[in-house]
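Open the model in your viewer and keep the sequence panel beside it. This tour goes stop by stop, saying what to select and what is there.

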Amino acid sequence: MAKPKALVLRAAGTNCDRETQHALEQAGFEAERVHVFRLMENPARLKEFQFLVIPGGFSYGDDIASGKILANQMLHRLAGTLNEFVADGKLALGICNGFQVMIKSGLLPWGRVDAGEAHRDATLAWNDCGRFEDRWVHLKAASDKCVFLPPGELLALPIAHGEGKFVARDESVLAKLRENDQVAVRYVDPAGEPGGYPVNPNGSMDDIAGLCDPTGRVLGLMPHPERFVEVTQHPRWTRGNVARADGRIFFERAFAYLNG
């Protein structure tokens, strides 16, 4: 059986694409890094793949706002292709800057790249602390429908962002996300309980660290699973109490879903 194929979409300023490719290959995927210009030249190339990953970094230097330029390229040059990709039952993952791109293109929260939806119902704003946060956090999987995580799973992952505060337009949007079971992961303490800063490192509403679309097949999150796919990447690994590399779960479950 042929391996599922994953496309890692990169642009100027993307800096986590190689780590993401490694994580995908480790899980069993055939993974390829593709520059957004090449995809805009030939959007039909996306049909070759079953998994789209928009990795972290600082696409286009975050010169307008985090992820905004890459999101605009998706909106104006790739919208139809991306919407067809999702409608075909395939998977998409946005990590950190990739989550910002998904929000600002409209791919999240409702699963459709659309100029009318983009950035309307939700955004990722500056961290409440007013500075870039680079630390390890604990997370709890909160959705029964999200393909990438089993509900209730407790995880540790690193974060590195300045604009990671999830903000819904109003309480009705937040209520809809909860009712649709779209809150994929929340920030928690090591015991799995909510808390203030630094448990919630950016002030996100409802402690939201990541969202899925209504199908559960499109996920965006601020923490970096690709940075914890080896036990030795955890800062406490030498103390002998790191049993697994939590970031692997996202990629292994995606592989199992597509290969099942």
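Contact, on this tour, means heavy atoms within 4.5 Å. The model is a predicted one: local features need pLDDT of at least 70, side-chain atom pairs count only at pLDDT 80 or more, and totals for chains, interfaces and linings use all residues. Residues are numbered from 1 along each chain as its sequence is written, and side-chain values use heavy atoms, with hydrogens and water left out.

**The whole protein**

Start with everything shown as a cartoon. The protein has 7 helices and 11 strands. Helices (H or I, at least four residues) and strands (E, at least two) are DSSP runs, numbered from the N terminus. The radius of gyration is 17 Å, close to the 18 Å that the globule rule gives for 260 residues, so the protein is as compact as a globular protein of that length. That radius is taken over C-alpha atoms, and the rule is 2.2 Å times the number of residues to the power 0.38. Along the principal axes, the C-alpha atoms fill a box of roughly 45 × 45 × 35 Å.

Of the 260 residues, 56% count as buried. Buried means under 20% relative accessible area, exposed over 50%, and partly exposed in between (1.4 Å probe, protein chains only). Among contacts with a separation of 6 or more, 75% are between residues 24 or more positions apart.

**Asn-97**

Select Asn-97, which sits in helix α5. Is Asn-97 buried or exposed? Asn-97 counts as buried, at 2% relative accessibility. Show the side chains of Asn-97 and Asp-62: a polar contact of 3.2 Å joins them. A polar contact is a pair of N or O atoms within 3.5 Å; within protein, one must be able to donate a hydrogen and the other to accept it, and residues adjacent in sequence count only if both atoms are side-chain atoms. Next, colour the residues that Asn-97 touches. Leaving aside neighbours within four places in sequence, they are Pro-55, Gly-56, Gly-57, Phe-58, Ser-59, Asp-62, Ser-66 and Gly-67.

**Tyr-60**

Go to Tyr-60, in the loop between β3 (51-54) and α3 (68-77). Tyr-60 is not a glycine, yet its phi is positive, about 55°. Tyr-60 is buried, with a relative accessible area of 18%.

**The cysteines**

Select the cysteines. How many disulfides are there? The count comes to 0, a disulfide being a pair of cysteine sulfur atoms within 2.5 Å. Zoom to Cys-96: the closest cysteine sulfur, in Cys-16, is 7.2 Å from its own, too far for a bond. Cys-96 counts as buried, at 4% relative accessibility. Then try Cys-146. Its sulfur is 4.9 Å from the closest cysteine sulfur, in Cys-212, again too far for a bond. Cys-146 is buried, with a relative accessible area of 4%.

**From α5 to β5**

Follow the loop between α5 and β5 to Pro-109. The peptide bond from Leu-108 to Pro-109 is cis, with omega near 10°. Arg-120 lies in the loop between α5 (97-105) and β5 (122-125). Arg-120 is partly exposed, with a relative accessible area of 43%. A polar contact of 3.1 Å joins the side chains of Arg-120 and Asp-121.

**Helix α6**

Select residues 171-179, helix α6; the buried ones are Val-173, Leu-174 and Leu-177. Look down the axis of α6: these buried residues fall within an arc of 100°, so they line one face of the helix. The arc is that of the directions from the helix axis to the C-beta atoms. An α-helix has 3.6 residues a turn, so residues three or four places apart point the same way. What covers the buried residues of α6 includes β8 (165-168), β9 (183-188) and β10 (208-212). Turn to the face away from the buried side, and find the exposed residues Glu-171 and Glu-179.

**Past α6**

Step on to Asp-181, in the loop between α6 and β9. Asp-181 has a positive phi of about 60°, although it is not a glycine. Last stop: Pro-198, in the loop between β9 and β10. A cis peptide bond joins Tyr-197 and Pro-198, with omega about 5°.
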